[in-house]
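Visitor: I have a model on screen and want to learn how to read its surface. Can you take me through it feature by feature?

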Amino acid sequence: MAELKRVERPLSPHLQIYRVQMTSVSSILTRITGNALIVGVVLAVWWLLAAATSAEYFAVANAVATSWFGDLVFAGSAWAVWYHYLAGLRHLYFDAGHGLEVATAERLGWACIIGSVVLTALTILIVQ
């Protein structure tokens, strides 16, 4: 049999040596927020259906929707809506061929995160 030659290959990037980039974080957050919005929509639709069903069932749904869990879900949904919206605008800007430099893309990623937090805080203050 022929002898096998062991070839030294470089290690693939993994969590110990890989530097997290803002563009990848932004892409992942866009996907997460898009899917996480489903939780808020399900809670809101359940609340509306309960209101149309009976007073007793609405009392249960309203208790959940107005509890700390409901507040957390709806506040998270507000942040997800704002982040997803700003990331969509960022993506349209990229599609137009602008902001594709690494430094600009990172600044826009941070702008999406910071802007979504500020807009969520303003939304909560205005709604309450």
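Visitor: Is Glu 106 buried, partly exposed or exposed?

Guide: First, keep in mind that this is a predicted model. Exposure is read from relative accessible area: buried means under 20%, exposed means over 50%, and partly exposed lies in between. Glu 106 has 25% relative accessibility, so it counts as partly exposed.

Visitor: And how does Arg 19 count?

Guide: Arg 19 counts as exposed, because its relative accessibility is 55%.

Visitor: Which side chains meet in a salt bridge?

Guide: Look for a side-chain nitrogen of Lys or Arg within 4 Å of a carboxyl oxygen of Asp or Glu. Here Arg 19 and Glu 106 pair up, with 3.8 Å from N to O. The two partners come from distant parts of the chain, 87 residues apart. Arg 19 sits in the segment before α1, and Glu 106 belongs to helix α4. The count of salt bridges by this rule is 1.

Visitor: Now the pockets. What is the volume of the largest pocket?

Guide: The largest pocket holds about 250 Å³ of space.

Visitor: Which helices supply at least two residues each to its lining?

Guide: Two helices do: α3, residues 68–95, and α4, residues 102–127. The top contributor is α3, with 4 residues. Among the lining residues are Asp 71, Phe 74, Thr 123 and Val 127.

Visitor: What about the second largest pocket: how much volume does it have?

Guide: Its volume is about 170 Å³. Helices α1 (22–53) and α3 each give at least two lining residues. Again α3 has the largest share, here 6 residues.

Visitor: One more feature. Which residues form a nonpolar patch on the surface?

Guide: To read a patch, look for nonpolar side chains that lie within 5 Å and have over 30% relative accessible area. In this model, Trp 110, Ile 114, Val 118, Leu 122, Leu 125 and Ile 126 form one. Together they have about 670 Å² of accessible area.

Visitor: Where does Ile 114 lie?

Guide: Ile 114 is in helix α4.

How values were computed:
Residues numbered from 1 in each chain as written. Predicted model: local features only at pLDDT ≥ 70, side-chain atom pairs only at ≥ 80, totals over all residues. Heavy atoms only, no water. 1 Å grid on protein atoms, 1.4 Å probe; cavity = no way out; pocket = protein on both sides within 12 Å on 5 of 7 lines; lining within 4 Å. Points joined across faces, edges and corners; volume = space filled by probe spheres on them. Patch = residues over 30% accessible without salt bridge, like charges linked within 9 Å, V, L, I, M, F, W, Y side chains within 5 Å. Areas by Shrake-Rupley, 256 points an atom, 1.4 Å probe, with all protein chains shown as cover. Buried < 20%, exposed > 50% of the residue type's maximum accessible area, 1.4 Å probe, protein only.
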